[in-house]
Number of protein chains: 4
Amino acid sequence: MISFRNDYSEGCIPEIMEYLASTNFENTSGYGEDDYSERAKNIIKKKLKNDKVDVYFLVGGTQANLITISHSLRPYQSVIATEKGHISTHESGAIEATGHKVVELPSGDDGKLTVELIEKAFINDLAPHTVQNKMVYISNPTEVGTLYSKKELEKISKYCKKNGLYLYLDGARLAMALGSEKNDIQLEDYPKYVDAFCIGGTKCGALFGEALILINNELKKDIGHSIKQKGALLAKGRLLGLQFEKLFQKNLYEKYGKHASEMANLLKVGITKCGLKLKADSYTNQQFFIFPNDLMKKLEKKFVFEFWSTEDENNTVVRFVTSWATKKSDISEFLKELKNLI
Amino acid sequence: MISFRNDYSEGCIPEIMEYLASTNFENTSGYGEDDYSERAKNIIKKKLKNDKVDVYFLVGGTQANLITISHSLRPYQSVIATEKGHISTHESGAIEATGHKVVELPSGDDGKLTVELIEKAFINDLAPHTVQNKMVYISNPTEVGTLYSKKELEKISKYCKKNGLYLYLDGARLAMALGSEKNDIQLEDYPKYVDAFCIGGTKCGALFGEALILINNELKKDIGHSIKQKGALLAKGRLLGLQFEKLFQKNLYEKYGKHASEMANLLKVGITKCGLKLKADSYTNQQFFIFPNDLMKKLEKKFVFEFWSTEDENNTVVRFVTSWATKKSDISEFLKELKNLI
Amino acid sequence: MISFRNDYSEGCIPEIMEYLASTNFENTSGYGEDDYSERAKNIIKKKLKNDKVDVYFLVGGTQANLITISHSLRPYQSVIATEKGHISTHESGAIEATGHKVVELPSGDDGKLTVELIEKAFINDLAPHTVQNKMVYISNPTEVGTLYSKKELEKISKYCKKNGLYLYLDGARLAMALGSEKNDIQLEDYPKYVDAFCIGGTKCGALFGEALILINNELKKDIGHSIKQKGALLAKGRLLGLQFEKLFQKNLYEKYGKHASEMANLLKVGITKCGLKLKADSYTNQQFFIFPNDLMKKLEKKFVFEFWSTEDENNTVVRFVTSWATKKSDISEFLKELKNLI
Amino acid sequence: MISFRNDYSEGCIPEIMEYLASTNFENTSGYGEDDYSERAKNIIKKKLKNDKVDVYFLVGGTQANLITISHSLRPYQSVIATEKGHISTHESGAIEATGHKVVELPSGDDGKLTVELIEKAFINDLAPHTVQNKMVYISNPTEVGTLYSKKELEKISKYCKKNGLYLYLDGARLAMALGSEKNDIQLEDYPKYVDAFCIGGTKCGALFGEALILINNELKKDIGHSIKQKGALLAKGRLLGLQFEKLFQKNLYEKYGKHASEMANLLKVGITKCGLKLKADSYTNQQFFIFPNDLMKKLEKKFVFEFWSTEDENNTVVRFVTSWATKKSDISEFLKELKNLI
């Protein structure tokens, strides 16, 4: 059955698997003190055109979020996110488990945070009775596949700098942002705007792994301790190093991200042409459509996609996700079937 | 200057001060293992017509909330409250600091939680990715002075029991609920509906202190450890015991609560007669009025009351609080001045 | 029955009770924003001959310890103490509950920490696999009633400063240190040696309360948030303020501390004259004796004192505690009975 | 340079790498809901001759420890370990960061816990002032390579059951225990003695991964939430499933464990024959020798091994670790050189 379920259903891009296999018997230092990790860090710094950032490799996204946030905040400080944010809803209270409140702000269908929203978090500040907001968390692409424009990111960044807030960007699907036709933020731009960000590997063609980039010096100190303490220091750290080395050596990261976003666009164009509606105007590899329930049930027999939310009595929001592994023929076959059914 | 700022501006009711002074030189056991505490517990159990509850005395309300909640929940469990709840906004992230998410639900101007609202907390349950909601937190009176009816409390209670949720009621101002003309929930009713609740002392005539009542056996086990661990085991525990003994010996608790609520009602009747509007329909000792800014400024010169929120360009919501210490003459003087100004 | 059980068995010194009663009906601001607290802070700063310290009043000792330690440390940092330290053994894991390891070092019968012991905590430092030791916790008097000399404190202080460690001193019974004949550290000396310390009230004649003194600027920032978050911000903060104002206005603190230490010395001299042995050479109000079990059982019929530990088959270590409330006649009566029995 | 540094220097056993590569493009469900994980769980249950255990796959050992411990304990409960235990010294305070004290007991050179030691943790139990000991943590092999005998494990197990303590066994190097000539505990024995244990993959031939086995029903409930909350739910869970499927399909786990232990024994026999002394009598793949400093320095030029501790002025304890990847010729070459030098 052809699957549009998610972007972590397959293993990894062939280039990584080959590299992994061919270097398997090498004997290296543990805990990221190896040459692969060293090279990967250097390549990423080069791509970012910034050799002052610190780079760490972690296994997963929730790990990256909880480590960065708990490492950055004092006990009484909180992090601001939208109510759709991954840390707000999909991490089983991971941030709160480290002692910090996630201040959740309502956002529209586009899932984006704005300066106007952030300001709301300060309306009833009655220190010391209220938490101290100290960090802003955003994702790009957002949880609903939308993209921040450079202007939007810049505006948030300026507000944060002015108000002493750290800005942390979760880039679990950053490859698909970089590869989107609508994107105007380059990889090298991020360090200018944020204090820390993540370059996602797991959903972008790696077997697993996220690269955590620390720009603000205040966040760099002793983060190795936080990584170890949260159980995130991989013994065979080279496994992470070699994957990121490979991803960034020959622009594979952007190449595969572009592929995923393009496949999603084909889906979007094809589906909307059939008269079906979008729930959010995504330009990356997650697409949200409003399907009549009847149609949805018929399609589910041949294709895998995800229930997202109930739109109304007769209609459902469904999520389609493409990836580095999605084939053009998967899209064609789906659209053919869709046309047949309509 | 006459003050309607809050209900913890004076020391304590004279009966307690006298008792405190007259027993000062007695030598007793520490940590609540004394006769005063023993007697106070027995009196409260008698008032509750329930000798199976466990009673503990704590110094403050935030303490009571954070101990009860963290003691009741497993690490991945959360507590549901309204966005106006004391634990949501006024405890500097105390609950999250113990590792637990406060799931904040929007409530109307009346600040009450309902079954319909609670159900919303379960809409996107994607276990194990989402937190596990396990407790419901309500206050009576609420943070805006409103009261739950017996029917409303019963409905929430039934829903919680059916769905395996603990129901915890914060009664920081319970005396004023019990003393309100609109109240239909008696002290002895609470153990039937909730798993744990607090009988507030600090705001109800004691120097300080909250009585924590545990009804559900699951919450009783080892709570002494949680109390000690959170720094809430008072060495001279008898200070708490003797205050609660006095408050409940001769119905002083309800008597003074009634006084406070009555004073508030005089204010409310007088102020609304002048054509000013209520923000919330409170029947207890906190009253919220919408004042034109000009009027507010003039009144502030002679009386103390609190800014609550901005209503619009020309109007402000202000909070008036009465207490066991409020004199009838304070109200008359305020109303006289108000009439003069209007 | 005459009691040598502890120093928190009675209420408070009469001067405080009188002050409390006579000011009961005053209307003041809450949360420590009142004139009593203001005055108390100023008097303490004057006594310390240091107007740059920050002073906060808390209800209890475990509270003071857990707030100071958790406020000072980053998540991966630990506090060093002796295995006899109050935070090591008598706070139900309060420090660990805030996320921090207590590195417990073995100490001799005198319960004192030394530079030689502290250095042991660094022997196997394998950062980031090991915790980062960042704070040293000592008590004066120690948990077994012994005193640090100025020289000893100075040595620890120098080591800490040199090695970037915070030094925090728990003075739960500081009055008795200040009042001991062997003491050579004056109140005003402490800010020179430590980053933070506590002046105990609960065990030194107050109803309750500890004054937390912050010297190091790094520890001052936002501590109000930590106090509120841990449930330690007393609504009627003036209760703490007025007690400390009274204690330090006329040297009552030292006067009563001296009384307690003198009473203890009378006991010590009397008991050792009878040929009984000391377990630790205390010069403050806690005395530890080795009693033959037979003798102990006989004495327990007429006097209250505490089992401390089993010395051997036939002998037990017992603790005697004196206080501001101990009368000279209590000592005489005890010694008379002891002589009778021997 | 030939390395005896550790057992996680290479990638993985060839059988796993081959399996990983050959299944790379399969599309499966995420988060461990895949067929590989299902099969791996079933094979392990079969090996354990117990189909009632729950099996979860995690990425690393610190993760497994902190999840199991924090999931099992109430906030005021602690875990008992030796002062040499991995959780005591090598996890950067990971357990304390989840709120729990590690009660560290002194152990001899063999690093083993005994009932006599555990009992010491209860000597000064002054509930609720002291933590409540609720879990015992042991490792097999221990941190110094020694093995528990069946009798020793049984004795600890009985004590724990009788006293309501959970027993958790960290088997990060379990393969080498199972493969040791001195071992008398079979894999299927563990569920009889412990409440939970880990079967290590990372150090036993897998790329990464630990299998957590839960026997006691009390520990099973909702552990998926704890795994997600601590950032340990691998998106591509099948990567863990397929590795454990392969390890246990054809006894590869024990086969490679035996190889590592045998290589270590060759080293031990060879080195002791040269007149050098053992620090601990290990029968698994970690060996600790006392080397004269001169000799150590010469050997370090050609071989990689680890400094462990300073024995005295002239001698050092060094650690040698063998693994599935150690070749017999590595041992011969080392012993040849050693003989030359002596």
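Two strands are said to pair if DSSP finds at least two bridges between them. The model is predicted: local features need pLDDT of at least 70, side-chain atom pairs count only at pLDDT 80 or more, and totals for chains, interfaces and linings use all residues. Residues are numbered from 1 along each chain as its sequence is written, while chains are lettered from A and ligands numbered from 1 in the order in which they are written.

**View 1. A hairpin in chain D.** Strand 12 of chain D is joined to strand 13 of chain D by a hairpin through 2 residues. Strand 12 (residues 306-312) and strand 13 (residues 315-321) of chain D run antiparallel and are linked by 5 bridges. Asp312(D) has Asn315(D) of strand 13 of chain D opposite it.

View 2. In chain B, 4 strands in the order 9-10-13-12 make up an open sheet with antiparallel pairing. Strand 9 (277-278) and strand 12 (306-312) of chain B lie at the edges with a single partner strand each, so one side of each has no neighbour in the sheet. Between strand 10 (residues 286-292) and strand 13 (residues 315-321) of chain B, the antiparallel pairing extends over 7 bridges. Gln286(B) stands opposite Val321(B) of strand 13 of chain B. Helix 13 (residues 252-273) of chain B packs on the sheet and touches strand 9, strand 10 and strand 13 of chain B. The direction of helix 13 makes about 20° with that of strand 10 of chain B. Helix 14 (residues 293-300) of chain B also packs on the sheet, touching strand 10 and strand 13, and its direction makes about 120° with that of strand 10 of chain B. For these angles, axes are lines fitted to C-alpha atoms, for helices over the stretch in contact, and angles run from 0 to 180 degrees between N-to-C directions.

**View 3. Helix 12 of chain A and its surroundings.** Helix 12 (residues 238-249) of chain A has 12 residues and spans 16 Å from its first C-alpha to its last, close to the 16 Å expected at 1.5 Å a residue; the expected span is 1.5 Å times one less than the number of residues. Of the 12 residues of this helix, 11 are buried, so helix 12 of chain A is largely enclosed by the rest of the structure. A residue is buried if 20 or more other C-beta atoms, placed from the backbone, lie within 10 Å of its own. Among the buried residues are Leu239(A), Phe244(A) and Phe248(A). Their cover includes helix 1 (14-22), helix 2 (35-47), strand 2 (54-58), strand 8 (210-214) and helix 13 (252-273) of chain A. After helix 12 of chain A comes Asn251(A), with a positive phi near 60°.

**View 4. The contact between chains B and C.** Here 38 residues of chain B are in contact with 39 residues of chain C, contact meaning that C-beta atoms placed from the backbone lie within 7 Å. Helix 1 (14-22), helix 3 (61-72), helix 5 (94-97) and helix 11 (223-229) of chain B each give two or more residues to the side touching chain C.

Technical notes: Contact = placed C-beta atoms within 7 Å.
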